[in-house]
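Please consult the sequence and the model shown below while reading.

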Amino acid sequence: MNSELIDQLTGSLGANGLPYTIPIHPNLVHLTIALFVIGMTFDIVGVLFPFQKWVFKFLAITVERDNLFDVGWYNMLAASIITFFTVTAGFYEMLLATPPADTKSAWGLQAMETMLWHGVGGVVLLALIVGMTIWRGWQRFVWRKDADRQVQWSYLLTGVGVILIMYVHGTLGAQMATEFGIHNTADSLLRLGQDLNTTLK
């Protein structure tokens with residue numbers, strides 16, 4: 001993108017480097033992660049339900065196996081939808097980022113490398129989550145007609161693998177905020193030499 005066009009926009013940016021007070025991407029990221037992890041957790045509990053049935057009975061919780069799988073499916077579907085907005089907001093906010101050029105992260109990466117890896121990782125995670133949702137839908141509406149449980153072990157193990165990728169990817173995002181101060185209001189104000197106690201009241 002033409003740097004002069006970006007410079008035209010910077011006049012209306014706040015202390016966090018964005019045209020709005022609170023960054024959107026980090027909030028959507030946590031929603032994506034929560035929906036995906038909850039979906040996988042309920043599917044795992046659904047698969048292990050015959051072994052855990054006595055726990056629910058002991059706690060006087062009336063639950064059916066299909067209810068657990070319903071929660072897993074709808075959370076996975078919601079994660080798939082919200083991730084499109086998460087990635088879009090991430091690229092928009094990354095476009096407006098002005099990190100310091102002389103800083104390296106704990107992983108030895110500079111700001112641009114970290115942003116590139118985080119951006120590519122976001123697209124890869126979007127593809128994985130959508131793929132997992134399609135796989136989950138196939139199991140829900142096609143495969144379960146011939147099976148007692150709604151998900152396969154290979155699906156659950158793949159989901160755990162995706163969660164581990166989310167962890168690495170999220171660490172890159174955390175480094176962007178903490179180590180490079182990208183869209184971090186307090187960090188930006190300190191770099192400008194302002195007093196946080198008076199500015200953020």
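A residue counts as buried under 20% relative accessible area, as exposed over 50%, and as partly exposed in between, with a 1.4 Å probe and protein chains only.

## Basis of the model

The model is predicted: local features need pLDDT of at least 70, side-chain atom pairs count only at pLDDT 80 or more, and totals for chains, interfaces and linings use all residues. Residues are numbered from 1 along each chain as its sequence is written, and side-chain values use heavy atoms, with hydrogens and water left out.

## Overall architecture

The chain contains 8 helices and 0 strands, and its elements follow the order α-α-α-α-α-α-α-α from the N terminus.

Of the 201 residues, 36% count as buried. The chain exposes about 11,700 Å², of which carbon and sulfur atoms supply 68%; such areas come from the Shrake-Rupley method with a 1.4 Å probe, and for residues only the protein chains shown count as cover. With contact taken as heavy atoms within 4.5 Å, 73% of the contacts between residues at least 6 apart in sequence join residues at least 24 apart.

## The largest pocket

About 630 Å³ of space lies in the largest pocket. Of its 29 lining residues, His25, Pro26, Val29, His118 and Gly173 are the closest to the centre. The elements giving two or more residues to this lining are α2 (24–47), α4 (65–95), α5 (111–141) and α6 (153–178); α6 gives the most, with 8 residues. By class the lining has 14 nonpolar, 14 polar and 1 charged residues, where Ala, Val, Leu, Ile, Met, Phe, Trp, Tyr, Cys and Pro count as nonpolar, Asp, Glu, Lys and Arg as charged, and the others, Gly among them, as polar.

A pocket here is an open set of points on a 1 Å grid over the protein atoms alone, where a 1.4 Å probe fits, with protein on both sides within 12 Å along at least five of seven lines; lining residues have an atom within 4 Å of a point. Points are joined across faces, edges and corners, and the volume is the space filled by probe spheres set on them.

## Salt bridges

A salt bridge requires a side-chain nitrogen of Lys or Arg within 4 Å of a carboxyl oxygen of Asp or Glu, and the count comes to 2. In one, the side chains of arginine 136 and aspartate 43 meet at 2.8 Å, N to O. Arginine 136 belongs to helix α5 and aspartate 43 to helix α2, so the pair ties together parts 93 residues apart in sequence. Both arginine 136 and aspartate 43 are buried.

Aspartate 70 also forms a salt bridge with arginine 140, their closest N and O atoms being 2.9 Å apart. Because aspartate 70 lies in helix α4 and arginine 140 in helix α5, this pair ties together parts 70 residues apart in sequence. Aspartate 70 is partly exposed, at 25% relative accessible area, whereas arginine 140 is buried, at 7%.

## Two further residues

Histidine 169, in helix α6, is buried at 15% relative accessible area. Beyond residues up to four places away in sequence, histidine 169 touches His118, Gly121, Gly122 and Leu125.

Lysine 104, in the loop between α4 and α5, is exposed at 52% relative accessible area. With residues up to four places away in sequence not counted, lysine 104 touches Leu109, Gln110, Glu179 and Phe180.

Key
Helix = DSSP H or I, 4+ residues; strand = E, 2+ residues; numbered from the N terminus.
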